[in-house]
Every structure is written in structure tokens, then in C-alpha cells.
Amino acid sequence: MTAVPPANDFPDRDADAQLVERARTGDVAAFEHVYRREVGRVYALCLRMTADAARARELTQSVFVRAWDRLGSFRGDSQLSSWLHRIAVNEVLTEARTDRRRRARVVLAEDRTAEDAGHDDAGAREDAPEMSGITLPEDIETRMDLDRAIAALPLGARTVFVLHDIEGYRHEEISRMTGSAEGTLRAQLHRARKLLMEALSR
Amino acid sequence: MISSRYSARRHGGSLPVGWAVVVAAALAAAGGDARAQKGGDPAKGATPRVAIERRGAVASDASIRLFGAFSTLRIIGWDRDSLVVSGTMPKGWVFDGGLASAPAGLPRGAKFFVEAQSEGYTSGAMLEIHVPLRARVWAKSGSADIEVSGVTGGLDLNIVGGSVTVSSAPRELNIESMDGSVRVLAGAAWLRVKTATGDIDVRGGSEDAGLSSVSGTVRVTGGRYERGKFETVTGDIVYGGEVGYKGSVDLTTHSGRVELRLPPRPNVELDAATVTGTIENSVTSSRPIAGREGRGMELGFSSGTGDTRVVVRSFKGNVELKPR
Amino acid sequence: MKGEREHIAFDTLNDYADGVLDERSMSIVSKHIESCSVCAGQYSVLRSVLQSAAQLPRTLAPPDDIWAELKESLDRRKEAVLPVIGTGHIVSKADQRSPGATQKRWQSPAFLAVAALILVIVSSGITALMLRDNNAQRLANQYPSVRAPGSAPVPPSVLPVGFTMAEGEYSRAIGELLQAVDAQRSRLSPETIRTVDRSLAVIDSAIAEARNALVADPNNATLVDLLSASYQRKLDLLRRTSELSSRI
């Protein structure tokens with residue numbers, strides 16, 4: 001995966017407002033500017049949450065189409081990039097929930113145990129002695145290994161890890177977006193981290 | 001009109017062995033639907049009534065059709081390969097019909113109709129028909145109260161107003177009503193119920209159930225629905241069927257209230273979404289989130305084994321998950 | 001616990017790494033880590049994972065430039081308008097996806113069928129045929145998307161792309177049913193007619209609401225499902241009404 005530096009590191013709100021205004025009138029060129037600036041971040045989010053490049057590509061397109069349709073609802077009270085990012089998170093979560101063909105399950109409810117049972121243990125628990133054999137591999141900081149390990153996480157754990165530890169959302173925000181209790185999210189997050197630690201130490 | 005092979009008059013006044021006819025000659029054609037409404041009979045006081053009785057041997061899986069101006073109809077399945085129609089109707093009306101011709105073996109069909117003498121009558125024919133258990137019965141009237149028991153074959157019941165109550169568990173059950181209410185007490189393998197304003201109350205489960213009403217309430221309590229599709233436009237939907245088996249239940253409404261009654265720690269996979277309505281969950285810890293555009297709500301969770309999939313879609317009706 | 005040292009629970013270690021413990025707990029954990037190699041090692045690994053995660057690039061380029069495809073979608077959205085019944089002219093055509101692309105829900109046959117039926121409601125003649133003139137006018141007043149006979153044409157509405165000529169088939173089916181129902185009116189009781197008219201008005205109201213919502217939010221799969229269900233109720237009701245006075 002190739003990192004793409006954003007076209008403008010510090011978009012200002014006035015510039016955003018002008019872009020949105022022009023795009024609202026049907027100015028596709030103005031919207032392209034928004035696209036070029038934000039596509040990298042949107043795609044990164046979609047890819048990390050779905051762990052599927054084809055779906056991520058399709059979702060990225062959906063996000064921008066939806067943003068185009070909903071330009072009228074952008075009020076300028078948040079940054080355009082934040083607004084777009086929330087649309088992206090919502091699209092990914094909605095698609096995971098409602099895609100019947102893949103029967104994807106959002107494993108975030110704290111009373112769900114079946115999928116957890118399919119993995120090595122039931123989430124992060126008080127099991128400190130098990131971790132004593134872990135040593136730091138030389139290349140633990142290799143981004144490719146970590147991205148690959150994240151992609152291998154179970155869906156619920158991956159969702160929370162990406163939103164919290166990579167994208168920086170707080171638990172209360174993630175709780176609102178996913179409909180899961182904060183306690184559940186905390187348990188899922190700790191589990192994700194434990195699985196990553198184990199994967200990267202092999 | 002009735003096919004000649006079903007007309008008793010075809011036989012020159014004499015009937016096949018086993019038949020007894022106590023009915024007068026033909027009158028004008030009936031209106032067909034809800035012209036036979038309950039209402040005052042302007043010209044008469046208490047109308048004298050005449051008795052009806054017909055009997056005959058039929059095949060155990062015979063197809064029996066009954067149409068016309070009956071106000072009450074009881075359909076009773078019994079363990080005999082014979083058919084008995086009995087009851088009363090206003091004097092001057094016509095009850096006609098008969099058995100299908102059968103070159104060999106028992107007749108496989110029978111057809112009867114009741115014709116009113118005029119429109120607007122206080123009460124129509126009051127009939128009771130005994131049919132073989134595995135028979136298939138088709139009945140159509142305007143405003144009528146129909147009760148069914150013991151029939152395990154098939155039932156196709158069509159009323160405008162009145163009520164339908166089915167207490168046996170037929171293999172196939174199709175009920176269509178406009179205003180009339182429908183109660184299915186023991187389920188049916190294949191079940192379809194449609195009303196416009198009539199309430200629908202179903203218990204007993206089904207392999208394949210489709211219940212729909214425009215503004216009547218659809219209530220499903222008890223039983224296992226392997227494939228269930230319950231829909232209204234403005235009517236409420238209450239679902240309290242079993243969960244925890246491999247099945248799929250869809251609840252769809254435009255503005256009706258949806259009440260989903262679940263046991264504690266239910267084995268369900270839930271997918272609920274509204275466009276502007278609210279969602280409340282008093283059963284599990286999952287909380288709904290804001291829907292698209294910040295309007296409406298969405299709630300999705302998988303609880304326990306998640307075997308039963310429940311999908312709820314509402315435009316502006318509110319959705320409530322309540323403990324059973 | 002004799003002879004066995006207690007270690008920090010993994011959950012607690014995570015909370016420590018996130019800085020969400022209270023001051024006293026933070027101090028206890030911190031002191032323990034200084035003196036316990038096991039927990040120190042675990043904490044070190046955890047911190048590395050978190051630091052690596054924080055250093056992951058926040059942006060990644062899609063494998064190919066999707067702008068061209070996206071632009072095509074946006075251009076079509078700008079141009080998509082409802083055709084007026086009777087002209088037979090479809091302004092927009094179905095979105096042609098590139099091979100291998102997954103069909104989107106709003107391009108599915110079910111959605112196209114619903115889209116076709118949406119046009120029926122907008123058409124002036126269909127609803128007026130079912131309802132008497134005063135009812136049609138009432139409906140037109142209440143639901144601006146429905147034309148009363150003789151009124152001005154409805155301005156075109158922007159709906160999702162993907163409509164095809166299939167909409168003509170659906171409008172024909174509903175038109176036939178409405179004609180059949182109209183032919184039965186004289187044979188139906190006033191009560192039945194009232195029930196049917198009332199129910200149709202309820203359904204038409206639901207259809208109009210869902211349709212307006214779909215115009216505002218064209219990618220909403222829930223709305224597609226709901227609109228489809230309301231149309232099915234209408235077709236069902238019209239069919240049953242048309243069969244009410246039929247004999248065996």
C-alpha cells in the first residue's frame with residue numbers, strides 16, 4: 001500500500017465552504033478538488049475496516065457519491081474532512097450490517113459469544129501470565145506487518161481498533177456510531193491489541 | 001354460472017344416490033361480494049327460514065367450493081370420506097350445487113352456492129359443512145363469520161367483512177379479507193393472510209408465512225416461523241414468535257408501531273432500521289444509533305447463536321424491543 | 001499467592017497505556033512495571049503496537065484512480081430527471097458498471113421495479129382513474145406530486161439513476177388493475193368502496209412520503225424496501241378488489 005500525502009495539510013474552513021458552495025451548484029471540478037484531497041483518508045479507513053481491497057474501493061466511491069448527494073446538509077460546523085470521514089465510517093458500518101449476501105455480522109454486542117469462541121479465547125481477560133513469553137521482533141514497527149495483522153483481526157475487534165487506535169475516535173463516539181456499549185468496545189479493543197501483540201511476535 | 005355438471009337440475013329432478021335437496025328453484029344472480037351486507041331488510045320483518053341439507057360421499061382429498069350469501073359458515077373436518085352441508089337460509093333464496101361427476105371412484109370435487117333473493121338482508125344463510133380431514137375447501141362470501149376446525153388439507157377463505165377463525169393446522173391456508181378480522185390459532189405450513197383494515201392474529205407457527213394488512217394490526221404470538229414476512233402500511237405489528245432456530249422473519253411497516261417481544265439473551269440476529277421513527281431496546285445491551293442523515297435510527301446486533309434473523313424496516317413507525 | 005508474584009491484569013495494563021486510570025492506580029501500576037520484568041515486557045510490546053498503529057499512514061491511495069468512474073456517476077446524477085408518462089422518453093439510462101463491479105442495491109431489479117412504480121404515482125391519469133374527481137383533487141392538493149386531471153405538469157424530480165423501460169410495464173399493470181376495479185364499482189357495496197378507497201388513500205400517502213424521502217436520499221436501501229412494500233400492498237389491494245365480485 002502506498003502512502004499518499006494529503007494535497008493540503010491544513011484546509012481552512014473558508015476554503016472548504018467555497019468548495020462546497022460551488023459543488024452544490026453542480027460544479028464537479030470543485031468536488032474533484034475535495035475528492036483529491038480526501039480520497040486517501042477515506043480509502044485507508046475503508047480498507048482497514050473491511051480488510052478487502054475490492055470492497056474498500058467500492059465503498060470509497062459510495063462515500064463520495066453520498067457526500068455529493070448530501071452536500072446540502074453540510075453546515076460548516078465541522079471540518080469538511082471530518083464530515084466526510086463520518087460519512088465513510090457510517091457507510092462501512094451500514095454495509096457491514098445490512099449486507100445479507102455476505103451475512104456479515106457486527107460482533108459488537110457484549111452478549112455475543114459464538115464468534116468469540118471461534119478464536120483462541122474469549123476476549124481480553126485477566127491473563128497476564130500468558131503474555132510473559134512475548135519478545136519484541138526486530139521489525140515490529142514495519143507498517144506492512146501491522147496492516148496485515150489488523151486485516152486478520154475479527155470484524156468487531158478490527159472495527160474498534162481502527163476507529164480508536166488509528167483514527168482516534170473516543171469510546172463514546174464509537175459507541176454512538178456502532179450502537180455498542182462502551183464496556184463492550186473496551187473489551188473488544190483490548191482483545192484486538194492482544195491479538196496484534198501475539199501476531200507480531202510470531 | 002355454475003357448470004351444468006354441478007347442477008342438481010341437470011338430472012331431471014332426480015339426484016345421485018345419497019342426495020337430499022330441500023331447496024326451492026333458482027332466482028336471480030347474486031351480486032357476488034359485499035352486497036350481502038348485514039343491514040336492515042326494508043321490506044320485511046322476521047324472514048322465515050328454510051333448512052338446507054346435502055350429503056354425499058367424496059374422495060378424502062376432495063376439493064370443495066362454497067360461494068355466495070352466507071353469513072355464518074362452520075367448516076368441520078372429520079375422519080370420513082363424505083360431505084354434509086346443512087343449515088338454514090331465508091325463504092325464497094337458492095342453495096344449489098352438487099358433486100363433480102366421477103367416472104370411477106368417489107367424486108373429487110363439489111361446488112355449492114347460495115343466492116340471495118334481494119340485496120340488503122338482515123342475515124344470510126347459516127351453514128355448517130363437514131368435509132374429509134384432508135379436503136381442500138374454498139369459500140367466498142361478502143360479510144360472513146367463518147370458523148374452521150379439524151381441516152388439515154387446504155383452506156382458501158375470502159370475505160369482505162366479518163371474521164375468520166381457524167383452529168386446525170391445515171397444510172395450506174390462504175385468507176383474504178377487507179374489513180373482516182382473522183384469527184389463526186394453530187398455524188399452517190404455508191400461510192397467507194391479507195386484509196385491508198381487518199386485524200390479523202396468528203399463533204402456532206408456519207414454514208412459510210406472509211401476513212399483510214393496510215391498517216389492521218398484525219399480531220404473531222407463539223410458534224416458529226421459518227420464513228415469515230409480516231407487513232403493514234399503518235397497522236401495528238407485534239411479533240412474539242419463537243427465536244433461536246434457523247429462520248428468518250421480516251417486519252415491514254410505513255408508520256405502524258412495531259413491537260418485538262424477545263426472551264432474555266435471545267438467539268437472534270437483528271437488523272432494524274427506520275427512516276424517521278425511533279428504536280428502543282429493553283432486551284439486550286445494544287443501543288441504536290442515528291440513521292442516515294441523522295434521522296431515524298438503526299440497530300444491529302447478534303445475540304447468542306444468532307440463528308433467527310429478524311429484519312425490521314419502518315418509515316416512521318417506532319420500533320420497540322421488549323422482554324417477553 | 002505464596003511464592004507466586006501477582007501481575008497486572010491485561011485490561012488494567014491497557015487502561016494504563018490509554019492513561020484512563022485514576023492517579024493512585026496509575027502510580028501503583030507504574031511502580032509495579034519498574035520492578036516486574038514480565039509486566040514490563042508486556043507493557044513494552046503493547047506500547048509498540050499502539051505507537052506503530054499511531055504511526056500508520058492515515059491516507060492510502062486506492063489501487064487505481066476511481067475518479068473517472070465517480071465523475072461519470074456524478075454527471076449522471078446531475079442529469080437524471082423523471083420522464084413524464086406518455087412521452088415514452090427516458091432521459092437517463094441505466095448506470096453501466098465496469099465488469100466485475102458489484103451491483104449496487106439501487107441498481108437491482110427490485111429497485112428498478114420500484115422506480116418504475118414511482119412514476120405511476122406521479123402520472124396524472126392513473127390516480128384520477130381510480131378516484132372520483134373530487135378525491136383526485138383532494139389527493140393532488142394533499143400530495144403535490146400527484147396531478148389532478150387537467151392540472152399543470154409536475155416539475156421533474158431528481159431520482160436515482162437506473163430507471164429503465166421496465167417502468168412502462170409496471171404502469172401498464174397498475175393501469176389494467178385500475179380499469180378492472182373501475183368496472184367492478186357498480187357491483188360493490190358502498191361500504192366496500194369506502195374501505196377500498198380509504199385503504200388506497202392510506203397506501204398512496206405512504207408511497208408519496210417514501211418517494212419524497214427517496215428523492216432526498218437516493219442511496220437509501222431502507223427506503224427502497226419500504227417503497228417496494230407499499231407498492232406491493234397497492235397491487236394486492238387492487239387485485240383483490242378487482243376479484244371481489246367474481247364467482248367461482
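This is a predicted model: local features need pLDDT of at least 70, side-chain atom pairs count only at pLDDT 80 or more; totals for chains, interfaces and linings use all residues.
Residues are numbered from 1 along each chain as its sequence is written, and chains are lettered from A, with ligands numbered from 1, in the order in which they are written.

The axes of α7(A) and α8(A), the latter spanning residues 171–178, come within 10 Å and cross at roughly 135°. Here an axis is a line fitted to C-alpha atoms, for helices over the stretch in contact, and angles between N-to-C directions run from 0 to 180 degrees. The two helices α7(A) and α8(A) are therefore oblique to each other; angles under 35 degrees count as roughly parallel, over 145 as roughly antiparallel, 65 to 115 as roughly perpendicular and the rest as oblique. On the α7(A) side, the contact is made by Thr159(A), Val160(A), Leu163(A) and His164(A), and on the α8(A) side by His171(A), Ile174(A) and Thr178(A). Two residues are taken to be in contact if their C-beta atoms, placed from the backbone, lie within 7 Å. By class, this contact of α7(A) with α8(A) has three nonpolar, four polar and no charged residues. The nonpolar class holds Ala, Val, Leu, Ile, Met, Phe, Trp, Tyr, Cys and Pro, the charged class Asp, Glu, Lys and Arg, and the polar class the others, Gly among them.

Helix α7(A) itself covers residues 155–166, twelve in number, and reaches 15 Å from its first C-alpha to its last, close to the 16 Å expected at 1.5 Å a residue; the expected span is 1.5 Å times one less than the number of residues. Eleven of the twelve residues of α7(A) are buried, so this helix is largely enclosed by the rest of the structure. A residue is buried if 20 or more other C-beta atoms, placed from the backbone, lie within 10 Å of its own, exposed if 12 or fewer, and partly exposed in between. The buried residues of α7(A) include Val160(A), Phe161(A), Val162(A) and Leu163(A), as well as Arg158(A) and Asp165(A). After α7(A) comes Gly168(A), with a positive phi near 85°.

Chain A as a whole contains nine helices and zero strands; helices (H or I, at least four residues) and strands (E, at least two) are DSSP runs numbered from the N terminus. Of its 202 residues, 46% count as buried. Among contacts in chain A with a separation of 6 or more, residues 24 or more positions apart account for 69%. A backbone detail turns up at Ala51(A), whose phi is near 55°, a positive value in a residue other than glycine. Ala51(A) sits in the loop between α2 (28–50) and α3 (53–69) of chain A, and counts as partly exposed because 17 C-beta neighbours lie inside 10 Å.

Arg265(B) has a positive phi near 45°, in a residue other than glycine, and is placed in the loop between β21 (258–262) and β22 (268–274) of chain B. With 13 C-beta neighbours inside 10 Å, Arg265(B) counts as partly exposed. Thr152(B) lies in the loop between β9 (143–149) and β10 (154–158) of chain B and is partly exposed, with 17 other C-beta atoms within 10 Å. The C-alpha atoms of Thr152(B) and Ala169(B) are separated by 5.7 Å, although these residues are 17 apart along the chain. Leaving aside residues up to four places away in sequence, Thr152(B) touches Gly77(B), Leu133(B), Arg134(B), Ser168(B), Ala169(B), Pro170(B) and Arg171(B).

Chain C has ten helices and zero strands, and buried residues make up 36% of its 248 residues. The axes of helix α9 (residues 190–216) and helix α10 (residues 221–243) of chain C come within 9 Å and cross at roughly 160°, which makes α9(C) roughly antiparallel to α10(C). The crossing of α9(C) past α10(C) is left-handed. Residues making the contact include Val196(C), Leu200(C) and Ile203(C) of α9(C) and Leu223(C), Tyr231(C) and Lys234(C) of α10(C). By class, the contact of α9(C) with α10(C) has 13 nonpolar, three polar and three charged residues.

Definitions and conventions: A crossing is left-handed if the near helix is turned anticlockwise from the far one by less than a right angle, and right-handed if clockwise.
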